[in-house]
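Let's take a walk through this one together. Have the sequence and the 3D view open, and follow along as we go from helix packing to a few individual residues.

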Amino acid sequence: MQNYFLPPRIEFGDGAIENLGEHVKTFDGKKPLVVTDAGVTDAGILERAITALNASDLTHAIYSDIEPNPTDISITHGVEVYKTEACDVVIAVGGGSVMDAAKAIRLLTTHEPPLEPYYADVGGAERIHDDMPPLICVPTTAGTGSEVSQGAIITDTSLNTTDRWRKRAIVTPLNMSNIALLDPGITLGMPPALTAATGMDAITHGIEAYVATKYHPIAEGVALQALRILSANIQKVYHDGSDVTARGEMLLGSCMAAFSFQKGLGAVHSLAHQLSTDAPIPHGVANAILLPPVMEFNFAHATEKYTEIARALGIDTRGMDSNEAGNAAIDKIRAFNAELNMPKGLGDAGLDEKKIPKLGADAMLDHCHKFNPRVCTEADMVALFKVAF
């Protein structure tokens, strides 16, 4: 028996953020907690959200201490603010880290802390119930698609020493926001490097989801369409960040790619999750670097699907056999990386090679590789880190 969960309500269009207050009122909300970070605040985007709330005569509280890789510590502090301020709705205004943090904060407003029992690797979904406050997500980047995903990636610090921190996932359909507001206008200020990193994150989602081992034909179709949209627009927004139409396409493509990974992800994410805490390398950059070697690693187990990926990436596969088309898809990802000025390898991005054995072991603890088309061992993970180094 398969269970498929479709995305929440999605409102898309330039100026969507201006409707924020009215959406809070649809949930009979009186005082939302706005979860955000310093970057969103400095960019002036938070001010737009607050203006929208004020226009609807709503009081609010703000929690802006979200790190680029949110920890269980910051989640605990956010829950304290929610309860102290007597909030009744959670609003996330930010990128993937902010939205994931907001999901975890929302969870602990009605569930007994700490987060430990709710992680996917200990069967946490069975302990999560639906009596949580409404969640509205306003993504400020086009990459993670966290506004429609079932996951929340949190850095677990419970092992006490910083060299043993690792990313863990809370995965449940209840994590999806109640409303996602996709406003391309608020992504116009994204610098080229962030545009590139988040865009490659979304492309990685589409590729890994399409070849993942779960049976989910709906997600497969969405993944391919997401790749068509993303591959047609990522270069445009990188070279011309003011192109609001292309920005909107990237937001939709990111959202679609994130929905598609209900089908699963793969080894790229199990590897990349470790780098955010140990290098640290931005998640999208890590995905971009790791994607070609992992695609090569999986090649014999996903050859036919790589042909479809090649077509979705805009490659004319006429006259190619499946091996040629699959290799062309990998070459296209490398070409994207080169044009988007990605680091040439993990070493160039800042990884200390001595950490690779520990990272390989930690990657095996991550849930994503369970759906990789080729079974992974710890030795494989270490080897993939070295190839990508």
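Start with helix α6 (residues 192-211) and helix α11 (residues 303-312), which pack at an angle of about 145° with their axes 10 Å apart. Helices here are DSSP runs of H or I with at least four residues, strands are runs of E with at least two, and both are numbered from the N terminus. The axes are lines fitted to C-alpha atoms, for helices over the stretch in contact, and angles run from 0 to 180 degrees between N-to-C directions. On the α6 side the contact (heavy atoms within 4.5 Å) is made by Ile 207, Tyr 210 and Val 211, while α11 brings Lys 305, Tyr 306, Glu 308 and Ile 309. By class, that's five nonpolar, no polar and two charged residues. In this scheme Ala, Val, Leu, Ile, Met, Phe, Trp, Tyr, Cys and Pro count as nonpolar, Asp, Glu, Lys and Arg as charged, and the others, Gly among them, as polar.

A quick word on what you're looking at: this is a predicted model, where local features need pLDDT of at least 70 and side-chain atom pairs count only at pLDDT 80 or more, while totals for chains, interfaces and linings use all residues. Residues are numbered from 1 along each chain as its sequence is written, and side-chain values use heavy atoms, with hydrogens and water left out.

Helix α6 also meets helix α9 (residues 267-278): their axes come within 9 Å and cross at roughly 140°.

Next, look inside. Nonpolar side chains tend to be buried together in soluble globular proteins. The largest nonpolar core in this model has 74 residues; such a core is a set of buried Ala, Val, Leu, Ile, Met, Phe, Trp, Tyr and Cys residues joined through side-chain atoms within 4.5 Å. Buried means under 20% relative accessible area, exposed over 50%, and partly exposed in between (1.4 Å probe, protein chains only). Among the residues with the most contacts inside this core are Met 200, Ile 309 and Leu 346. A second, separate core of 29 residues includes Val 35, Ala 61, Ile 105 and Leu 135.

Helix α14 (residues 356-363) is mostly covered, with six of its eight residues buried. Those buried residues pack against α9 and α15 (378-388).

Now for some loops. Where does Asp 183 sit? Find the loop between β8 (179-182) and α6. Asp 183 counts as buried because its relative accessibility is 0%. Its side chain reaches the backbone nitrogen of Gly 15 at 3.0 Å and that of Ile 17 at 3.2 Å.

His 111 is in the loop between α5 (96-108) and β5 (135-139), and at 4% relative accessibility this residue is buried too. The side chain of His 111 makes a polar contact with the side chain of Thr 110 (3.1 Å). A polar contact is a pair of N or O atoms within 3.5 Å; within protein, one must be able to donate a hydrogen and the other to accept it, and residues adjacent in sequence count only if both atoms are side-chain atoms. The His 111 side chain also reaches the backbone nitrogen of His 129 at 3.0 Å.

Last stop: Ser 64, in the loop between β3 (61-63) and α4 (72-84). Ser 64 is partly exposed, because its relative accessible area is 30%.
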